[in-house]
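Open the model in your viewer and keep the selection panel at hand. The tour below goes stop by stop.

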Amino acid sequence: MLIQTGLGKTTFSKETISKFVSMALDMTDGLVLSSTYIGSITRKLTGNTAGIELREHDKGIDIHLSIIVQYGMHLHEVCRELQYKVKDIVEDFTGLTIISIHLKIDGIIL
C-alpha cells in the first residue's frame, strides 16, 4: 500500500495494515474468536493472516474481514461499530484511504 508525496514514497506492508485492523477487532465489543485470535494461530503455522484480506486499488484499499459474533448481540450494531473503528484506526495511523470494509459473519457463539 503506497502513499506518494512531494518528498517521496511511503509503503505499508499488508501485515502492518492487518495489525491496525486487528487493533480495531480487539476494541469492538461482541466479537468472539475474531480473526485476531484465529490469525495469530494461522500466522504461526503458515505465515499468513487469517480472516483479514486487503485489496489495493488506485484510490485506496478494500478490507474484507471474517468475524465470529457473540450470541445476543445486535449484529448490525456490532458490524457498524467494527467498520467505523477499522476505518478510523487505519486512516488515522497510515493516512491511507479506505474505500470499503466488507464483513462476513462466519458464525455466532453462545
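Stop 1: Select Ile 17, Val 21, Ile 63, Leu 65 and Val 86. In this predicted model, these are the residues with the most contacts inside the largest nonpolar core, which has 24 residues. Now colour the elements that supply it. Two or more residues each come from α1 (14-26), β3 (52-57), β4, α3 (75-94) and β5 (98-109). Which element gives the most? That is α3, with six residues.

**Stop 2: Val 86.** Centre on Val 86 and show what surrounds it. Setting aside neighbours within four places in sequence, Val 86 is in contact with Val 21, Ala 24, Ile 63, Leu 65 and Ile 101. Val 21, Ile 63 and Leu 65 were in the selection at the previous stop.

**Stop 3: Asp 62.** Move to strand β4, residues 60-70, and pick Asp 62. Is Asp 62 buried or exposed? It is buried, yet it has no salt bridge. Arg 55 is the nearest side chain of opposite charge, 5.9 Å away. A salt bridge would need a side-chain nitrogen of Lys or Arg within 4 Å of a carboxyl oxygen.

Which side chains does Asp 62 meet in polar contacts? One is His 57, at 2.6 Å from side chain to side chain. Another is Ser 100, whose side chain is joined to that of Asp 62 by a polar contact of 2.6 Å. Beyond neighbours within four places in sequence, it holds Glu 53, Leu 54, Arg 55, His 57, Ile 99 and Ser 100.

**Stop 4: the whole fold.** Zoom out and switch to a cartoon. Three helices and five strands make up the secondary structure. Trace them from the N terminus: the order is β-β-α-α-β-β-α-β. Of the 110 residues, 35% count as buried. Take the contacts with a separation of 6 or more: residues 24 or more positions apart account for 67% of them.

**Stop 5: confidence.** Colour by pLDDT. The mean for the protein is 82, and 80% of its residues reach 70 or more. Next select residues 41-48, where the pLDDT is below 50. Beyond near neighbours in sequence, this stretch has six contacts in the model. Where pLDDT is low, predicted coordinates should not be read in detail.

Definitions and conventions: Residues are numbered from 1 along each chain as its sequence is written. Side-chain values use heavy atoms; hydrogens and water are left out. Helices (H or I, at least four residues) and strands (E, at least two) are DSSP runs, numbered from the N terminus. Buried means under 20% relative accessible area, exposed over 50%, partly exposed in between (1.4 Å probe, protein chains only). Lys and Arg count as positive and Asp and Glu as negative; His and the chain ends are not counted. A polar contact is a pair of N or O atoms within 3.5 Å; within protein, one must be able to donate a hydrogen and the other to accept it, and residues adjacent in sequence count only if both atoms are side-chain atoms. Contact means heavy atoms within 4.5 Å. A nonpolar core is a set of buried Ala, Val, Leu, Ile, Met, Phe, Trp, Tyr and Cys residues joined through side-chain atoms within 4.5 Å. pLDDT is the predictor's confidence in each residue, from 0 to 100.
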